[in-house]
Amino acid sequence: MRIRELPIIFSGPMVQKILAGEKTQTRRIIKPQPVQINDDVDGTWQWVKTPQSFDDLTMANHLVEHARFRTGDILWVKEAYATHPNGGCLYRADRGDLPPDWQAEGIRWRTPLFMPRRLSRLTLQVVRVSAHQIQRITDQDTHAEGFWNDENDTARSQFVKAWCRLNGVEAWDGNPWVLAIEFKRLAIS
């Protein structure tokens with residue numbers, strides 16, 4: 001099996017959780033989504049990439065087989081950044097105390113979308129990939145996503161709020177299929 005190197009984007013709060021060693025999983029919405037063709041408890045699904053129909057478990061396995069990310073892949077993290085006039089790099093996740101529109105002379109925050117590989121400071125390796133509908137996330141998974149119960153909220157509730165902030169409320173309410181990507185951190189450049 002050939003190991004591939006792929007980029008992956010993370011928001012500032014998720015980068016902070018990876019750096020703190022609190023986050024070892026991420027979930028990404030599968031596109032295109034499977035379509036449920038039978039509304040019984042163990043639904044029957046079809047996916048535009050294949051003509052067959054699948055039950056829940058077979059659909060999950062099929063989605064993993066066709067996933068962008070695979071066990072063993074190396075992922076380099078793209079995050080919001082700015083290049084400093086002296087040639088250095090600043091990372092937005094490290095500047096959490098600054099307002100989002102903060103600017104300094106010669107420094108402009110850039111979207112992670114266009115971050116070049118050479119500026120990435122986090123390298124991850126995919127340990128496991130699975131698929132499920134987002135609302136089936138377990139308590140153990142919310143912990144691996146970097147969320148824990150506190151005096152105000154459960155880990156699951158915190159995860160749902162963060163998920164909705166990043167993906168929209170409909171991305172929770174619609175219960176889409178997601179890839180659950182478990183990873184380990186390899187290096188900080």
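The model is predicted, so local features are reported only at pLDDT of at least 70 and side-chain atom pairs only at pLDDT 80 or more, while totals for chains, interfaces and linings use all residues. Residues are numbered from 1 along the chain as its sequence is written, and side-chain values use heavy atoms, leaving out hydrogens and water.

The chain has 5 helices and 10 strands; these are DSSP runs numbered from the N terminus, helices being H or I with at least four residues and strands E with at least two. Of its 189 residues, 44% count as buried, where buried means under 20% relative accessible area, exposed over 50%, and partly exposed in between, with a 1.4 Å probe and protein chains only. Among contacts (heavy atoms within 4.5 Å) with a separation of 6 or more, 69% join residues 24 or more positions apart.

In soluble globular proteins, nonpolar side chains tend to be buried together. A nonpolar core is here a set of buried Ala, Val, Leu, Ile, Met, Phe, Trp, Tyr and Cys residues joined through side-chain atoms within 4.5 Å. The largest one has 39 residues, and Phe-10, Leu-75, Phe-159, Trp-172 and Trp-177 touch the most other members. Helix H4 (residues 155–167) supplies the largest share of this core, 6 residues. Beyond its neighbours within four places in sequence, Phe-10 is in contact with residues including Val-15, Ile-18, Val-77, Leu-124 and Phe-183.

Helix H2 (residues 56–65) has Asp-56, Met-59, Ala-60, His-62 and Leu-63 as its buried residues. Seen down the axis of H2, these fall within an arc of 165° and so line one face of the helix; the arc is that of the directions from the helix axis to the C-beta atoms. Exposed Leu-57 and Glu-65 sit on the face turned away from the buried side.

The whole structure contains 10 salt bridges, each a side-chain nitrogen of Lys or Arg within 4 Å of a carboxyl oxygen of Asp or Glu. One of them joins Asp-141 and Arg-27 (3.1 Å, N to O). This pair links helix H3 (residues 139–144) to strand S2 (residues 25–29), 114 residues apart, and both residues are buried. Arg-27 also forms a salt bridge with Glu-145, with the closest N and O atoms 2.9 Å apart. Glu-145 lies in the loop between H3 and H4, 118 residues from Arg-27, and is likewise buried. Lys-23, Arg-27, Asp-141 and Glu-145 are linked in a network of salt bridges.
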